[in-house]
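Hi there,

Here is the structure I promised to pass on. Please have a look at it first, and then read my notes below.

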Amino acid sequence: MANWTSASRQALADLLSVDTWLPETMPEYAQGFMYMLGSLTASSFVVLVLSGVVLAANGPASWSYNGADRFAAAVHFWAVQAFFFFMMLHLWRVFFTGAWRGGRKETWLLGALAFLIAIPTAFTGYLINGDFYSQWNAVQAKDGLNALGLAWVNLPNAGQMFGMHVVVLPLTLSALIFGHIARVRLKGVVPPYPAAQVQTHTSKEGQ
Amino acid sequence: MAAQGQEDMVTQYQYVPEDFMKHLMGTLGIVSVLVLVLAIWFGVPEEAPLTIQKDALQNPVAFEAMTTRDLNGQGRMASYGPPYNDGTGNLESVVQKWVGILHPLNAEDDFIVKPLEMAATVNPAITPVLNRFESASPAQKVLWANNYETALARGTVKNGLVVVPSGDYGPVSTLMNDTLKLGESGLMSGALMRNPNVVTRFNNQNYELFLEGDPLHTAAAPLQLKGTQWGIIHSAVPGYPGAWWMTIPSWIYQWPFVANSPANDGIALGLGFVVWVLLAVTPCIPGWNRVPRLLGVYRLIWKDYYHQHTADPAVPPENLP
């Protein structure tokens, strides 16, 4: 069997490289606002984590009697709105540009998984908020999960939802986002479709 | 480098200088400012919860109708089924039955009898009434409860108690008024969230489920939060964004064959998952994975690139990556 350490060094050499994570050049086509959407989504996640750490440190209901924590809850709330807003725009951009081409299917899949996991991550946050929206949806949404055989996830149990929201789901989401961004950095951003004129030109170049 | 046409993408492009760190700090700055301004300006939407105490104080007759249904087995949780009990009222699929009872809940015992047993240590007058109810046959209990639930349609409140026309209610009318008083006191929450093995109270399941049924639905309807009102994507506070990213499952929930099915929740969530699977495997679906090419929106996104390469076709090969 191959040397595990050597194999790991080989695999991590590119993944942990400064050249991978801090490039000094970008493809000419990957410019402008459309290519900020992924970073805006990731930045929203950073704000979510920071405001979430404040809320977790002070306790899940502290916003209800502490003005500063209520502001942290407001930041957390708007950050999740920003996260989904930019993620949805990013999703449209990568769809319209066929971003899975050129060996980038795994990048697409990791992004889709991040989207999927982001939904319960946000939802469990709503559930532990303790207001009427939280109360209503904990009771209502349980029926769908129970019907699909996912009753182990007991939405009316705020303790379980707290653990899900502050540890299990954000760690999972963080790993998926890391994997997604790592793939983007390692594989690069998908090049444009060959438009007719460019195709002609390229074929000439290739002659 | 992929050969031209093999992956349906151009190979002629250059790399241009970019300060990537500045780009990242820029997006973080944009989001931070945006979120801070929104948080300062709009705060956070919070609609006060419907506590058991509030419901008991505001809707005493409806409250007793709900607790009576815990005794005759007609309550939402009394008849629910797995994972809470062996009822069938909310049994939507075979797999729900297979999973079984993971979070046991007996509505009669957990919602009514045990809280009243605790209340009886403060008010001993409850004990003989409770004993009479407990020693009756199941059929007798249901009969009393059915009679009382029917009578509550003409229930009124006098001196803080619900009064109904005389009838064969056994001890149920007294028990329900005792339960109402316990609810009004605010002590019901402590009676429901019990775990003698630990001092923490992380599991509030029985508190949350106590009001399942009419009380929560009555409170949710004017806020447009019910499933048939596309509720999941609405905020409880008008004017604020809700979980709008759940629009597709909410839409599926409105489809007549879903809405009219007894398994509506499971179908809507299941079909929502199917939509996600289609999204996830988009790269592998022939035809569908060519749709972006056919739509041509990419021409706008890469407008500058195409313009540059059409206007100036002489990209020197040495500048290619």
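**Helix packing in chain A**

Helix α3(A) passes α7(A) in a left-handed crossing; a crossing is left-handed if the near helix is turned anticlockwise from the far one by less than a right angle, and right-handed if clockwise. The contact is made by A:Ala42, A:Phe45, A:Gly52 and A:Ala56 of α3(A) together with A:Val166, A:Ile177 and A:Ile181 of α7(A), where contact means that the C-beta atoms of two residues, placed from the backbone, lie within 7 Å. By class, these residues divide into six nonpolar, one polar and no charged (Ala, Val, Leu, Ile, Met, Phe, Trp, Tyr, Cys and Pro count as nonpolar, Asp, Glu, Lys and Arg as charged, and the others, Gly among them, as polar).

Please keep in mind that this is a predicted model, in which local features need pLDDT of at least 70 and side-chain atom pairs count only at pLDDT 80 or more, while totals for chains, interfaces and linings use all residues. Residues are numbered from 1 along each chain as its sequence is written, and chains are lettered from A and ligands numbered from 1 in the order in which they are written.

To place the two helices, α3 of chain A covers residues 37-58 and α7 of chain A covers residues 158-187. Helices (H or I, at least four residues) and strands (E, at least two) are DSSP runs, numbered from the N terminus. The axes of α3(A) and α7(A) are 12 Å apart, at an angle of about 160 degrees; axes are lines fitted to C-alpha atoms, for helices over the stretch in contact, and angles run from 0 to 180 degrees between N-to-C directions. The pair is therefore roughly antiparallel (angles under 35 degrees count as roughly parallel, over 145 as roughly antiparallel, 65 to 115 as roughly perpendicular and the rest as oblique).

**Where the chains meet**

In the interface, 87 residues of chain B are in contact with 81 residues of chain A. Helix α1 of chain B (residues 20-42) gives the most to chain B's side, with 14 residues. That side has 54 nonpolar, 22 polar and eleven charged residues.

One partner of α1(B) is helix α4 of chain A (residues 67-96): their axes come within 8 Å and cross at roughly 125 degrees, which makes α4(A) oblique to α1(B). This crossing is right-handed. On the α4(A) side, the residues include A:Phe71 and A:Trp78, and they meet residues of α1(B) including B:Leu34 and B:Leu38. The contact has twelve nonpolar, no polar and no charged residues.

**Within chain B**

Helices α5 (residues 107-120) and α6 (residues 126-135) of chain B have axes that come within 9 Å and cross at roughly 150 degrees. They are therefore roughly antiparallel, and their crossing is left-handed.

Most residues other than glycine have a negative phi, and most peptide bonds are trans. A cis peptide bond joins B:Pro82 and B:Pro83, with omega about 10 degrees, and B:Pro83 lies in the loop between α3 (60-71) and α4 (94-99) of chain B. B:Asn159 has a positive phi, near 55 degrees, and is found in the loop between β2 (156-158) and β3 (161-163) of chain B.

Best wishes
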